[in-house]
Amino acid sequence: MQKYWLAEDGTVRCLDESCPQECDMGCPIYLQTLAIECFQKDHLEEATGYLEKAVAIEPTFAEAWNNLAAC
């Protein structure tokens, strides 16, 4: 079940304002959030892994691809 929506410009957002609820490893937004936390702690390999999972789930997630390139 998809808990996010994808805009034409490649942005991925939560479905409603009450998010993040029921976040899990199947949500690309949650995975990107984990990756950003890892990136800020200089844990680049872990961040890369989360981002690779995020783009595998949602291949058009432009923000995740950009962050993956930064890693």
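Which pattern does the chain follow when read along the sequence? In this predicted model, the order of elements is β-β-α-α-α. The secondary structure comprises 3 helices and 2 strands. The chain has 71 residues, of which 32% are buried. Among contacts between residues at least 6 apart in sequence, those joining residues at least 24 apart account for 44%.

The packing of helix α2 (residues 44-57) and helix α3 (residues 62-70) was examined through their axes. Two packed helices are described by the angle between their axes and the distance between the axes. The axes of α2 and α3 come within 9 Å, and the crossing angle is roughly 150°. Angles over 145 degrees count as roughly antiparallel, and α2 and α3 are therefore roughly antiparallel to each other. Their crossing is left-handed. On the α2 side, the contact is made by T48, L51, E52, A54 and V55, and on the α3 side by A64, W65, N67 and L68. Sorted by class, the residues of this contact are 6 nonpolar, 2 polar and 1 charged.

T48 lies in helix α2. Its relative accessibility is 19%; because buried means under 20%, T48 counts as buried. With residues up to four places away in sequence not counted, T48 touches L68 and C71. For A64, leaving aside neighbours within four places in sequence, the contacts are with Q32, L51, A54 and V55.

In soluble globular proteins, nonpolar side chains tend to be buried together. The largest nonpolar core of the model contains 15 residues. Within this core, A35, Y50, L51 and A64 touch the most other members. Helices α1 (28-40), α2 and α3 each supply at least two residues of the core.

C14 is located in strand β2 (residues 12-14). The relative accessible area of C14 is 24%; buried means under 20% and exposed over 50%, so a value in between is classed as partly exposed, and C14 is partly exposed. C14 and I29 are 15 residues apart along the chain, and their C-alpha atoms are separated by 7.5 Å.

Key. Residues numbered from 1 in each chain as written. Predicted model: local features only at pLDDT ≥ 70, side-chain atom pairs only at ≥ 80, totals over all residues. Heavy atoms only, no water. Axes fitted to C-alpha atoms, helices over the stretch in contact; angles between N-to-C directions. Helix = DSSP H or I, 4+ residues; strand = E, 2+ residues; numbered from the N terminus. Parallel < 35°, antiparallel > 145°, perpendicular 65-115°, else oblique. Left-handed = near helix turned anticlockwise from the far one by under 90°. Contact = heavy atoms within 4.5 Å. Nonpolar A, V, L, I, M, F, W, Y, C, P; charged D, E, K, R; others polar. Core = buried A, V, L, I, M, F, W, Y, C linked by side-chain atoms within 4.5 Å. Buried < 20%, exposed > 50% of the residue type's maximum accessible area, 1.4 Å probe, protein only.
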